[in-house]
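Here is a short walk through one structure. Keep the sequence and the 3D view side by side as you read.

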Amino acid sequence: MKLTLKVWRQSGPKEKGRLVAYVLDDVSPDQSFLEMLDDLNRVLVLKGEEPVVFEHDCREGICGCCGLMINGQAHGPVRGTTVCQLHMRNFKDGDTIVIEPWRAKGFPVIKDLMVDRSAFDRIIEAGGYVSVNTGGIPDANAIPIRKEDADLAMDAAACIGCGACVASCPNASAMLFVGAKISQYALLPQGQVERVARALNMVAAMDREGFGNCSNVAECEASCPKLITLSNIQRMYREHVKASWKYAPREAREAAG
């Protein structure tokens, strides 16, 4: 296939960026999108030009590094798929593909297509730890857990923290990410000790990092490569309200009945 790529090039966080067009020949439909970008960089290096900076790691859809806006869609046109698992067979010969970084205040551009997602690390850090009893390794079935709760916790834990939810939301909201991280522990017995503090601290950290409120358009759920559902945002709200009520002044609780 012959493709025209319009790639966002930006030399630094404070520099002005622009879309630069490249024509790439002999693109195999069996290549992944990242392998296609590797080929582009190989061509640029042979020409003596600077390669395009983009983030990647596992290339198996589990690390969350490879976040890109492709033709205005987070991770591209295939639902439930990360950029590294997206194949060029989903495009046609002669296509023009616009490739941009995540666009959000909380994700400043470092260079070209790479953004700084350390805000997510700080939110996770604010969530703290999970208390466990010391001693020998407990039997796997020693703590009974309802299958429904176990399934919901596993679904929430599938979040890879790629940031597609933030990049897709008109308000750059991180509530789907934070909701998933709160849910995966709130649903399990092992997460009960720090449950209240975790909800308060992670939501406060999310607000400090400059992410917006939920826009109610559900683009986060539609663009999530791991199909995290909006029910996790609802659970985050419930957890935060219950936690806030627990620490509310006694007079306020008595006045509310």
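This is a predicted model: local features need pLDDT of at least 70, side-chain atom pairs count only at pLDDT 80 or more; totals for chains, interfaces and linings use all residues.

Residues are numbered from 1 along each chain as its sequence is written, and side-chain values use heavy atoms, with hydrogens and water left out.

Start with the salt bridges. A salt bridge here is a side-chain nitrogen of Lys or Arg within 4 Å of a carboxyl oxygen of Asp or Glu. By this rule the count comes to 14 salt bridges.

One of them pairs Arg 117 with Glu 55. Their closest N and O atoms are 2.7 Å apart. Where do Arg 117 and Glu 55 lie? Arg 117 is in the loop between strand E7 (114–115) and helix H2 (118–126). Glu 55 is in the loop between helix H1 (33–46) and strand E3 (69–70), so the pair ties together parts that are 62 residues apart in sequence. Helices (H or I, at least four residues) and strands (E, at least two) are DSSP runs, numbered from the N terminus.

Is Arg 117 buried or exposed? Arg 117 counts as buried because its relative accessibility is 11%. The cut-offs are these: buried means under 20% relative accessible area, exposed means over 50%, and partly exposed is in between (1.4 Å probe, protein chains only). Glu 55, at 26%, counts as partly exposed.

Now move to helix H3 (residues 147–157). Lys 147 forms a salt bridge with Asp 151, with the closest N and O atoms 2.6 Å apart. The two residues are 4 apart in this helix, so about one helical turn separates Lys 147 and Asp 151. Lys 147 is exposed, at 61%. Asp 151 is partly exposed, at 35%. Salt bridges that share partners also join Arg 146, Glu 148 and Asp 149 into one network. Within it, Arg 146 pairs with Glu 148, the closest N and O atoms being 3.5 Å apart. Glu 148 is partly exposed, at 48%.

Ala 172 sits in the loop between helix H4 (164–168) and helix H5 (175–186). Its phi is near 50°, a positive value in a residue other than glycine. Ala 172 is buried, at 14% relative accessibility.

Asn 216 lies in the loop between helix H6 (195–208) and helix H7 (219–223). Phi of Asn 216 is also positive, near 65°. Is Asn 216 buried or exposed? At 69% relative accessibility, Asn 216 counts as exposed.
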